[in-house]
Amino acid sequence: KVLVTAGPTVEAIDPVRYITNHSSGKMGYEIAKAARIRGAEVTLISGPVSVKPFTGIDVLKVKSAVEMHDAVVQNAAEYDIIIKAAAVADYRPKNIAENKIKKGGAMSVELAENPDILKELGKNKRNAVLAGFCMETENLLKNAEKKLKAKNLDFIVANNLTAEGAGFKTDTNIVTILDKDGNKSVYDIMGKDEVAHIILDKCVKIMNKD
Ligand code: C5P
């Protein structure tokens, strides 16, 4: 049983505005599809995206990081593999205005920190394989290693947002996988579908080892 999260989260400012990021959801949706093709029971917890899920996948749509947090935490115990490909917003507006905010000079929005879903899963880690993503514009591998440890993951998939052919909107990605045993695998540019299978191969290897 595989749980995948995908897409951005959107954080409301008022009834018409929100804060979000450029995540397309493609990477997570490809992982869910690859797992389904391999015969897994797959649940996809997804922020708002325009990509369509592959047939036979259970999809739970959420909007905010808090909603994603609640959906993941309520369901996590059932899964053998959890892959967090979602680009969760780190912050949300502290207060959501009840009515549309009127313009008039400079304004600011106070932000509150969102729960780190993956860190929480890592703290309560069971026997399930736990994997995360790391997207950076600088010091990619150093940051990836830090997150691997801080979030107590089995492995982390690092991709450099500034590289041509990598990142949010493309159908390709350029990744390096770091695992908790100190192994590092560097991959060339490839389709997100291929990256998805490499990630699942890694999960299977870890399951067979434990
Ligand atoms: O710390 P950072 O946001 O760069 O870590 C990225 C990884 O952590 C991704 O796998 C993402 O899905 C997860 N994450 C999360 N909850 C957050 C922020 C990130 O689960 N609030």
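Residues are numbered from 1 along each chain as its sequence is written, and side-chain values use heavy atoms, with hydrogens and water left out. Because the model is predicted, local features need pLDDT of at least 70 and side-chain atom pairs count only at pLDDT 80 or more, while totals for chains, interfaces and linings use all residues.

The ligand sits in the largest pocket. A pocket is defined on a 1 Å grid over the protein atoms alone, as an open set of points where a 1.4 Å probe fits, with protein on both sides within 12 Å along at least five of seven lines. A molecule sits in a pocket if more than half of its atoms lie within 2 Å of the grid points of that pocket. The ligand is surrounded by Lys 84, Ala 86, Val 88, Asp 90, Pro 115, Asp 116, Ile 117, Leu 118, Gly 132, Phe 133, Lys 147 and Lys 151, where a residue counts as near if one of its heavy atoms lies within 4 Å. Helix α3 and strand β9 each supply at least two residues of this shell; helices (H or I, at least four residues) and strands (E, at least two) are DSSP runs numbered from the N terminus.

Taken alone the ligand exposes 450 Å², and the protein buries 88% of that. Accessible areas come from the Shrake-Rupley method with a 1.4 Å probe; for residues, only the protein chains shown count as cover.

Two members of the shell, Asp 116 and Lys 151, also meet each other: their side chains make a polar contact at 2.7 Å. A polar contact is a pair of N or O atoms within 3.5 Å; within protein, one must be able to donate a hydrogen and the other to accept it, and residues adjacent in sequence count only if both atoms are side-chain atoms. Lys 151 is found in the loop between α4 and β10. With a relative accessible area of 18%, Lys 151 is buried (buried means under 20%, exposed over 50%, and partly exposed in between, with a 1.4 Å probe and protein chains only).

A search of the whole structure finds 13 salt bridges, each a side-chain nitrogen of Lys or Arg within 4 Å of a carboxyl oxygen of Asp or Glu. One of them joins the side chains of Asp 201 and Arg 38, at 2.8 Å from N to O. This pair links distant parts of the chain, 163 residues apart: Asp 201 belongs to helix α5 (residues 192–209), and Arg 38 to the loop between α1 (26–37) and β4 (42–46). Asp 201 is partly exposed at 41% relative accessible area, and Arg 38 is partly exposed at 40%.

Lys 94 and Glu 110 form another salt bridge, with their closest N and O atoms 3.6 Å apart. Both residues lie in the loop between β7 (91–93) and β8 (111–113), so the bridge ties together parts 16 residues apart in sequence. Lys 94 is partly exposed at 47%, whereas Glu 110 is exposed at 53%.

A salt bridge also connects the side chains of Lys 125 and Asp 154 (3.0 Å, N to O). Lys 125 lies in the loop between α3 (117–123) and β9 (129–136) and Asp 154 in the loop between α4 (140–150) and β10 (155–160), so this pair ties together parts 29 residues apart in sequence. Lys 125 is partly exposed at 29%, but Asp 154 is buried at 2%. Salt bridges that share partners join Lys 1, Glu 41 and Glu 78 into one network.

How values were computed. 1 Å grid on protein atoms, 1.4 Å probe; cavity = no way out; pocket = protein on both sides within 12 Å on 5 of 7 lines; lining within 4 Å.
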